[in-house]
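The sequence and the model are shown first.

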Amino acid sequence: MSQLQNYHMTPEEFRRYGRLVIDWIADYYENVESYPVLSQVEPGQIQAMLPLAPPQKGEEFEDILKDVERIIMPGITHWQSPNFFAYFPANTSGPSILGDLLASGLGIQGMLWATSPACTELETRVLDWMADLIALPAKFKSTGSGGGVIQDSASSAVLTALLAARERATSFQFNEQGGTNLTVYTSTQAHSSVEKGVKVAGYGRKNLRLIDVDSNFAMRPDLLKQQIESDIKEGYKPAFVAATIGTTSSNGIDPIRAIGEICQRYGIWLHVDAAMAGTAAILPEYHYLQDGLELADSYAFNPHKWMFTNFDCDCFFVADRETLIQTLSILPEYLRNQATETGAVFDYRDWQIPLGRRFRSLKLWFVLRSYGVEGLQYHIRQHIQLAQEFAHWIEADPRFILVMPPPLNLVCFRHRSGDVFTQRLLKKLNQGGKLYLTHTVLNGLYTLRMSIGQTNTQVHHVAQAWSLIQSAVAELEAEL
Ligand code: PLP
């Protein structure tokens, strides 16, 4: 027999290279502000540096790490830069990275309680903590009729909710028989994941109704009610409303209580998408955002946006877990086990679309324990205050229009000279590399979004952004 070969990294090598990687990450965070925030590469530039085939022989770890610097770093947009003001944040933090690393190290697959009881039980407890922390009604906790589960994204959360609503509305016949006259409602400002979920869940896009909004970009309940009543008259069965706390374009906040009352009256599933803004409810002064949630069937928010927790981590809560489980549960022989049979445990595979699942609650637990409620509140409050201050600067400058007073940490504004000027301003700012902003269109007009929520953003970063914006405006005006 030939001599045994072993290509695996030894524990000793792992220790050595692991230290190198941790040092590399710590250095990265120390120097993150020296990179252009938005990657400046052209399409294809990174691929051009990559060989067409993998190496036949294994390479030295140090060489691989060198190529991270050489090939990968130029193609990185630095979401963890405190000068990242684009989209919504996708934050991380020391405790979260370490929790995630530990989850990778343990390498468990938590599809069933039995495949690692700690993965399930920690998740249940941490999600109950989260429910209390953001002042959700008790029915969303595992100690009530519902419970929380970590999904990969808010998109998966709304899709999962759409599936459960579809089954509830058809007495679990859709899964068996297909076909639908079910209708779905959301506002014109809702995230595109609702429309995508409608397509994937088979409701049919023609059955999606986009309800108009008021001057604060919040869904108008009077129009929602009108549309529902007109659909019922025409033989449709209204099944699902997706309301948003903190829309992507403007942070608009739908009136949950008024919408919830309509949903109750017509027996419609109400899902609340608070992907980014949900984190604000950690602050007692923002608990009012949750008003009316006792009328909702499901709620989702992403610690992977604003709550210093690595992507991916969406907390999805349902008021009635049995409906969700009945919708998604399938039990092949090879997954049968005694713990499941007793009915005494949660098997989170039944609460999500894929079977397999990572140990995501570990990083959330690390974040909660390391910051403490107090630490989280401190930083979230700071971000909101910074946004309010930035909005005042915009408002006081006659060259700019503040589109609406920012409800939380997103400031929407435009230059008075119009769309073309505002577009050129954005391009100039992002090419400069010192900050990164993105845009949207509100009321048909090109609008800049200053989203303040990156883990390490402080007042001097926001002040620098404001001074860069002012200089860029002056340069553009000089070019006119
Ligand atoms: N909902 C809202 C309000 C969002 O702003 C976003 C993303 O920005 C999403 C849903 C989608 O989030 P995810 O990437 O977790 O699917």
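## Helices and backbone details

Helix α13, residues 361-396, has 36 residues, yet its end C-alpha atoms are only 44 Å apart, whereas a straight helix at 1.5 Å a residue would reach 52 Å. The model is a predicted one. In α13 there is a kink of about 85 degrees, and the kink is centred on G372.

A second topic is the pair α1 and α2. Helix α1 spans residues 11-31 and helix α2 spans residues 61-72; their axes come within 11 Å and cross at roughly 15 degrees. Angles under 35 degrees count as roughly parallel, and α1 and α2 are therefore roughly parallel to each other. Their crossing is right-handed. On the α1 side the contact involves R16, Y17, L20, V21 and W24, which meet F61, E62, L65, V68 and E69 of α2. The residues of this contact divide into 7 nonpolar and 3 charged, with no polar ones.

Most residues other than glycine have a negative phi, and most peptide bonds are trans. The table gives the values for these two places.

| Place | Feature | Value |

N251 is found in the loop between β4 (237-244) and α9 (256-266).

Methods
Residues are numbered from 1 along each chain as its sequence is written. This is a predicted model: local features need pLDDT of at least 70, side-chain atom pairs count only at pLDDT 80 or more; totals for chains, interfaces and linings use all residues. Side-chain values use heavy atoms; hydrogens and water are left out. Axes are lines fitted to C-alpha atoms, for helices over the stretch in contact, and angles run from 0 to 180 degrees between N-to-C directions. Helices (H or I, at least four residues) and strands (E, at least two) are DSSP runs, numbered from the N terminus. Angles under 35 degrees count as roughly parallel, over 145 as roughly antiparallel, 65 to 115 as roughly perpendicular and the rest as oblique. A crossing is left-handed if the near helix is turned anticlockwise from the far one by less than a right angle, and right-handed if clockwise. Contact means heavy atoms within 4.5 Å. Ala, Val, Leu, Ile, Met, Phe, Trp, Tyr, Cys and Pro count as nonpolar, Asp, Glu, Lys and Arg as charged, and the others, Gly among them, as polar. The expected span of a helix is 1.5 Å times one less than its number of residues. The bend at a residue is the angle between axes fitted to the seven residues ending there and the seven starting there.
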